[in-house]
Amino acid sequence: MAEPTSTAGGVGLAALAIALLGPMAGPYALIVFAGLAGAMLPLSGSVTPTRLSGAWLLLRCTLTAVVFTGLLATLIEQRWGVSRMELLAPVAFIVGAIGDGWRTVFAAIGAALGAAIQRRADDGGSPK
């Protein structure tokens with residue numbers, strides 16, 4: 001059985017890397033480091049039998065943040081007018097922090113869409 005390790009120091013190092021390298025390395029490095037910092041939260045709360053499975057969890061959550069950050073930041077910019085460049089780090093951190101909880105998020109979105117479709121069907125299909 002693997003020994004328990006702490007990720008508190010890793011979060012601090014990742015936050016420092018974001019602060020130092022963000023402006024110089026560009027938005028892609030910023031997304032990767034913020035997603036990595038967010039991915040350390042589900043890693044610290046999960047029980048992984050080996051270090052390899054912990055590394056796989058960390059990689060999976062970070063890559064999810066890399067894939068979804070641009071899309072979510074663009075949607076937030078269009079909806080509320082906040083600059084996409086200012087949203088990259090917080091969005092990547094949150095996406096990484098959700099970790100393996102995406103099934104719950106997608107289930108909630110599906111339920112909301114189903115309720116909206118049902119309301120429209122009950123109103124006779126007319127838009128409001």
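In the predicted model, Trp102 is buried, with a relative accessible area of 14%. This value falls below the cut-off, since buried means under 20% relative accessible area.

Two aromatic pairs are present in the structure. One of them joins Phe68 and Trp102, whose rings lie 5.6 Å apart from centre to centre, with 40° between the planes, in a tilted arrangement. Phe68 belongs to helix H3 and Trp102 to helix H5 (residues 102–122), so this pair ties together parts of the chain that are 34 residues apart in sequence. Trp102 also pairs with Phe106: the ring centres are 5.8 Å apart and the planes meet at 35°, so this pair is tilted as well. Here both partners, Trp102 and Phe106, are located in helix H5, where a spacing of four residues corresponds to about one turn of the helix. Together, Phe68, Trp102 and Phe106 make up one aromatic cluster.

Helix H3 also takes part in a feature of the surface. A nonpolar patch is formed there by Val32, Trp56, Leu59, Leu63 and Val66, which together have about 450 Å² of accessible area. The most is given to this patch by helix H3 (residues 51–80), which supplies four residues. Trp56 is one of the patch residues and is found in helix H3. Helix H3 thus holds both Phe68 of the aromatic cluster and four residues of the nonpolar patch.

Key
Residues are numbered from 1 along each chain as its sequence is written. This is a predicted model: local features need pLDDT of at least 70, side-chain atom pairs count only at pLDDT 80 or more; totals for chains, interfaces and linings use all residues. Side-chain values use heavy atoms; hydrogens and water are left out. Patches are made of residues with over 30% relative accessible area and no salt bridge: like charges are joined within 9 Å, nonpolar side chains (Val, Leu, Ile, Met, Phe, Trp, Tyr) within 5 Å. Accessible areas come from the Shrake-Rupley method with a 1.4 Å probe; for residues, only the protein chains shown count as cover. A salt bridge is a side-chain nitrogen of Lys or Arg within 4 Å of a carboxyl oxygen of Asp or Glu. Helices (H or I, at least four residues) and strands (E, at least two) are DSSP runs, numbered from the N terminus. Rings of Phe, Tyr and Trp (its six-membered ring) pair if their centres lie within 6.5 Å; planes under 30 degrees apart count as stacked, over 60 as edge-to-face and the rest as tilted. Buried means under 20% relative accessible area, exposed over 50%, partly exposed in between (1.4 Å probe, protein chains only).
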